[in-house]
Amino acid sequence: MSVPSTFREKLHSFLDPSDGAGPAERLFNALLVTLILLTIAVTILGTVPDIAREYGPAIRAFDYVCAVVFGLEYLGRLYVTPLRPGFDGTPRSYLRYATSPLPLIDLLVLISLMVPATTALASLRGLRLLKLLSLLKLGRYSDSLQLIGRVIRQRTGELLSTVLIVLVLVFIAASLLYQVESSAGTKGFESIPQALWWAVVTLTTTGYGDVYPATPLGKAAAGLIMLFGVGMVALPAGMIASGFAEELSRLRQQETAVACCPHCGKALE
């Protein structure tokens, strides 16, 4: 592995180390994670009127400090774009990286931190809530969150199929209960759109109890739908659990391979 020589290569190695994070990288990541968590905490506390009035200037100062740190990190990651696999130094390549999910989240967080809570920009104050997107930045610094992301990407097809099946069942359940309960004048089933609320709540096993069938036939149909709901909740959970098992097995195989001699393939003693 070649040693980084230029500033861009050193910066790329620092931001995205391929040989494991050293003390400096771990310290920098810990700083970013701490700022992200503090940003979320300050955003939540800033919605309390008394705290916002008393500590408003301090909150804004903290926002600007975070904006400087996150901004430098964002510019640094943008600067090393040509060194990333599949990218080069063309403007189109920079734009493609800037509009990818994580850099786009970084940019939205920066915008939200820089928008002041003034009457002149009152229409933009809602953007400040985008600071909550900082939580998504944690995925870059957490191996566990990256593992979850890989599992979801691997199971995207199956999960989308499950979502489609759930949507079909929701509409079937709403239509069925509408046919049964609307003629009896049951509240909440006057139309299929109104019955959709009951169908969603029932199939997700939430069961608020604000809308429920009143006729014996409707109750029988609702019981069958509830059983389907239990199965539909368990199905994606089983897919994700299976994906976790496969990914953890793959990681263990990689760790075993690292512990083997790269020349003869035999385990080192």
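Q: What counts as a salt bridge here?
A: A side-chain nitrogen of Lys or Arg within 4 Å of a carboxyl oxygen of Asp or Glu.

Q: And what sort of model is this?
A: This is a predicted model: local features need pLDDT of at least 70 and side-chain atom pairs pLDDT 80 or more, while totals for chains, interfaces and linings use all residues. Numbering runs from 1 along each chain as its sequence is written, and side-chain values use heavy atoms, without hydrogens or water.

Q: How many salt bridges by that rule?
A: Three.

Q: What does Arg77 pair with?
A: Glu73, with the closest N and O atoms 3.0 Å apart. Both lie in helix α3, four residues apart, about one turn. Helices are DSSP runs (H or I, at least four residues), and strands are E runs of at least two, numbered from the N terminus.

Q: Are Arg77 and Glu73 buried or exposed?
A: Both are buried. Buried means under 20% relative accessible area, exposed over 50%, partly exposed in between (1.4 Å probe, protein chains only).

Q: Which residue does Asp63 bridge to?
A: Arg60, at 2.7 Å between the closest N and O atoms. Both Asp63 and Arg60 are buried too.

Q: And Arg53, what is its partner?
A: Asp50, with the closest N and O atoms 2.3 Å apart. Arg53 is exposed, because its relative accessible area is 60%.

Q: New topic. Where does Thr81 sit?
A: In the loop between α3 (49-79) and α4 (91-98). Thr81 has 0% relative accessibility, so it counts as buried.

Q: What does Thr81 touch?
A: Beyond neighbours within four places in sequence, Phe87, Asp88, Ser93, Tyr94 and Tyr97. Contact means heavy atoms within 4.5 Å. A polar atom of the Thr81 side chain also lies 2.7 Å from the backbone oxygen of Leu78.

Q: Which residues touch the most others in the largest nonpolar core?
A: Ala173, Leu177, Phe189, Trp198, Ala199 and Ile225, out of 13 residues. The elements giving two or more residues to this core are α8 (156-181), α9 (192-203) and α10 (216-258). Such a core joins buried Ala, Val, Leu, Ile, Met, Phe, Trp, Tyr and Cys residues through side-chain atoms within 4.5 Å.

Q: What lies apart from it?
A: Another core, of 12 residues, among them Ala67, Phe70, Tyr74 and Leu110.

Q: Which transmembrane regions does UniProt list?
A: The unreviewed entry lists 27-49, 61-80, 100-124, 159-178 and 220-245. Positions follow the numbering used here, feature names are shortened, and annotations may be inferred rather than shown by experiment.

Q: How far apart are the ends of 220-245?
A: The end C-alpha atoms lie 38 Å apart, and the span is 100% helix. For 159-178, the end C-alpha atoms lie 28 Å apart, with 100% helix as well.

Definitions and conventions: A polar contact is a pair of N or O atoms within 3.5 Å; within protein, one must be able to donate a hydrogen and the other to accept it, and residues adjacent in sequence count only if both atoms are side-chain atoms.
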